[in-house]
Amino acid sequence: MSQPLNSSRHASNPHATQRVLITNKRGEKLVGLLHPTGLNKIVVLCHGFTASKSSGIIVDLADAIIKKGISVFHFDFSGNGESEGEFQYGNYRKEAEDLHSVVSYLYQEKYDVAAVVGHSKGGDVVVLYASLYDDVHMVVNLSGRFYLEKGIEERLGKEFLDRINKEGYIDVTNKSGNMLYRVTKESLMERLNTDMRATSLSISKECSFFTVHGSADDIIPVEDAYEFAKHIPTHKLCVVEGADHCYTRHRKELSDAVVGFITSNKARDTTLEDQ
């Protein structure tokens, strides 16, 4: 079901941004934004952990891709942003299912899904997607994590396994003590049991795969990008020198790399120098 943001504007402008509701396989409505350019080639953008379709990095990428005449769709995973459902800490496989619902909808609407792009946790989701489904042949991973057993203690604290085994959950709070989200034992185990090495090795050689990672990423180290490059058959790698996890000062370099790969699909391993 597609709903224009502004029906009168949409009637006079077929390229107007549209608010779209897509029902996932569990009956939850996913909220997305469709930016049609008049061409049926489209790229789907996936946000990261506790982020949304309106995150700055997603919006900037959308703008850069649209300027090349390619349509864009970005959406909130279930339990995030405006979408229905309960937020979950792990949820990688369910988010891959959400993405499949989006891709299936776009194909039904006669779009040609050229690529799926994911940032951070969304990067892991598109890696998993490529291993599970064979309906998109270009995947872009932006700063995804290869070693999913790492990065947990920073959020959940030391001895998190003992705590969650005892209580069954951990509530994550901010500095003011307000609860941000609850991590259940089930969701934590789902993350720990998601093997990105096996996932990467199972990706088809027909899939063109591109990873971009910042050399100064202090959330997910750039070494993870080299692991993806080592295990995915058709992998191309771009390291953006000096860039942090969200490419705060390197959005143009990020956009240029992503757009360049999508439009040419002939990218070579490269390093973008810090400027």
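Analyst: Two strands are said to pair if DSSP finds at least two bridges between them. Helices (H or I, at least four residues) and strands (E, at least two) are DSSP runs, numbered from the N terminus. This is a predicted model, in which local features need pLDDT of at least 70 and side-chain atom pairs count only at pLDDT 80 or more, while totals for chains, interfaces and linings use all residues. Residues are numbered from 1 along each chain as its sequence is written, and side-chain values use heavy atoms, with hydrogens and water left out.

User: What makes β4 and β5 a pair?

Analyst: Five bridges join strand β4 (residues 41–46) to β5, and the definition asks for at least two. The two strands therefore pair, and they run parallel. Within β5, Val72 is the bridge partner of Val43. From β4 the chain passes through helix α2 (residues 56–66) to β5 in a right-handed β-α-β crossover; with the strands pointing away from the viewer, the path from the first strand over the helix to the second runs clockwise.

User: Which way does β3 run relative to β5, parallel or antiparallel?

Analyst: Strand β3 (residues 29–35) is antiparallel to β5, and four bridges join them. Val72 in β5 is also the bridge partner of His35.

User: How do you know that the buried residues of α2 lie on the same side?

Analyst: The residues in question are Ile57, Ile58, Leu61, Ala62, Ala64 and Ile65. They cover an arc of only 165° around the axis, so they share the same side of α2; the arc is that of the directions from the helix axis to the C-beta atoms. The buried residues of α2 pack against partners including β4 and β5, where contact means heavy atoms within 4.5 Å.

User: Why does Asn91 count as buried?

Analyst: Asn91 has 11% relative accessibility and therefore counts as buried. Asn91 is in the loop between β5 and α3 (92–108), and its phi is near 70°, a positive value in a residue other than glycine. Most residues other than glycine have a negative phi.

Technical notes:
Buried means under 20% relative accessible area, exposed over 50%, partly exposed in between (1.4 Å probe, protein chains only).
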